[in-house]
Amino acid sequence: MGDVQFDGPPERWTALLPTFADMGFALGGGQTLGIQNHGRFANEAFEALPGMEFNADDIVELVGNNVSKELFYELNADVHFIDPHLLRLWYGWDQSDVDEVADNLGPFFGNFIRRHSDDWHDYRYYTLYEAFELMAEVFRAQDRYQAFVELHEGMLELLDEHLPPADQRPSALLIYPADGPGFQFYPFRFDDGGISTKQWRDLGLTDALSTTDVGHYSFSDRGTLDLEGLIEIDPEVLLVRNHGGASESEFHTEVVEPLQAESGSNGIQAVQDGAVYNAGYLDQGPIINFYHTERAARDIYSDSFEDVTLFDRERVAEIVAGNV
């Protein structure tokens, strides 16, 4: 982005991906004006915060042909927490469009840190909390940021305390259903380094892909795994994305039952053992990360984390409200 200056904390701002929408809310900035896709935003993580107002219906959906300069003028944001490369890659913007919006409305301030596997991303990546710290400077909310750092460190300490030894942790495969008929999935590696797989690294899972030549999903490489590929990898735990907001019963009906009914699926240990879990959302800031980590820990290590609070909803709500 180069040097970006702000007269004060933004009053009107928009994100595109939930990562930065989450960070802005966590820092006391309120809701984003827009989001890429309502179905990929973990609204339930914010709605679970006691005393907090969060209304997803007020957020404009920035998808497809709707992502135009005209819409950005209607939003009239002081800051756009969006990596402008995404506007060019996904929505057909030119650099002149980006420059016009930045000059006439407000600067861009963002970085695509979901994954580290895209060849077009030839600039620095940030961890979740590195990016969060920069966002705190924009909102002048370093006190809130530091309170989240302490809460996050406490969560990691609880994980270390309750996780089983490394040799007793299961191998897991993270997948995303691909479009089209049959069972086709995009594979994701935990060691990609992006923020979308942070919880799996923190939970110490063994990546079932680590001993294979299967790569990580990227913008240019969208190779898939079929059922035979899943059987060959044979993970002990299967983590399925794109069903973030589904209830347990909905996930079982939409994902688990069809997989169990497919001929040959009994060759997958995770299916045999009933260890097929909802992997949640692609993007996460600090609040969604607490939500994701607690849910995953209770699914995969139920005996160890049944009564352990990793997502302290009351404390998070206090921090968002400024009671740090």
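In which hand does H7 cross H14, left or right? Let's start there. This is a predicted model, so keep that in mind throughout.

H7 covers residues 142–162, and H14 covers residues 313–320. H7 passes H14 in a right-handed crossing. Who makes the contact? From H7 we have Arg 144, Ala 147, Phe 148 and Leu 151. From H14 we have Arg 315, Val 316, Ile 319 and Val 320. Sort those residues by class. Six are nonpolar, two are charged and none is polar.

Now the geometry. The two axes come within 9 Å, and they cross at roughly 165°. Angles over 145° count as roughly antiparallel. So H7 and H14 are roughly antiparallel to each other.

Next, another partner of H7. That is helix H6, residues 128–139. The axes of H6 and H7 come within 8 Å. What is their crossing angle? Roughly 160°. Again the cut-off is 145°. H6 and H7 are therefore roughly antiparallel to each other. Their crossing is right-handed.

Look at the residues that meet. H6 brings Tyr 129, Phe 132, Glu 133, Ala 136 and Glu 137. H7 brings Gln 142, Tyr 145, Phe 148, Val 149 and His 152. By class, that contact has six nonpolar, two polar and two charged residues. Keep an eye on Phe 148.

Now step off the helices and into a loop. Thr 127 lies between helix H5, residues 95–104, and helix H6. Buried means under 20%, and exposed means over 50%. Leaving out residues up to four places away in sequence, Thr 127 touches Ile 113 and Ile 195. How far is Thr 127 from Leu 151, by C-alpha atoms? They are separated by 17 Å, and they sit 24 residues apart along the chain.

Another loop, another residue: Ser 196. Ser 196 sits between strand E6, residues 184–188, and helix H8, residues 198–202. Its relative accessible area is 2%. The cut-off for buried is under 20%, so Ser 196 is buried. What does Ser 196 touch? Arg 114, Arg 241, Leu 282 and Gln 284, not counting residues up to four places away in sequence. Zoom in on Arg 114. Its backbone oxygen lies 3.2 Å from a polar atom of the Ser 196 side chain.

Last topic: backbone angles. Most residues other than glycine have a negative phi. Here are two with a positive value. Asp 234 is not a glycine, yet its phi is about 55°. Asn 242 has a positive phi too, near 75°.

Where are they? Asp 234 is in the loop between helix H9, residues 227–233, and strand E9, residues 237–240. Asn 242 is in the loop between E9 and helix H10, residues 248–261. How accessible are they? Asp 234 has a relative accessible area of 29%, so Asp 234 is partly exposed. For Asn 242 the value is 42%, so Asn 242 is partly exposed as well.

To recap: H7 is roughly antiparallel to H14, and H6 and H7 are roughly antiparallel too. Thanks, everyone.

Technical notes. Residues numbered from 1 in each chain as written. Predicted model: local features only at pLDDT ≥ 70, side-chain atom pairs only at ≥ 80, totals over all residues. Heavy atoms only, no water. Axes fitted to C-alpha atoms, helices over the stretch in contact; angles between N-to-C directions. Helix = DSSP H or I, 4+ residues; strand = E, 2+ residues; numbered from the N terminus. Parallel < 35°, antiparallel > 145°, perpendicular 65-115°, else oblique. Left-handed = near helix turned anticlockwise from the far one by under 90°. Contact = heavy atoms within 4.5 Å. Nonpolar A, V, L, I, M, F, W, Y, C, P; charged D, E, K, R; others polar. Buried < 20%, exposed > 50% of the residue type's maximum accessible area, 1.4 Å probe, protein only. Polar contact = N/O pair within 3.5 Å; in protein donor to acceptor, adjacent residues only side chain to side chain.
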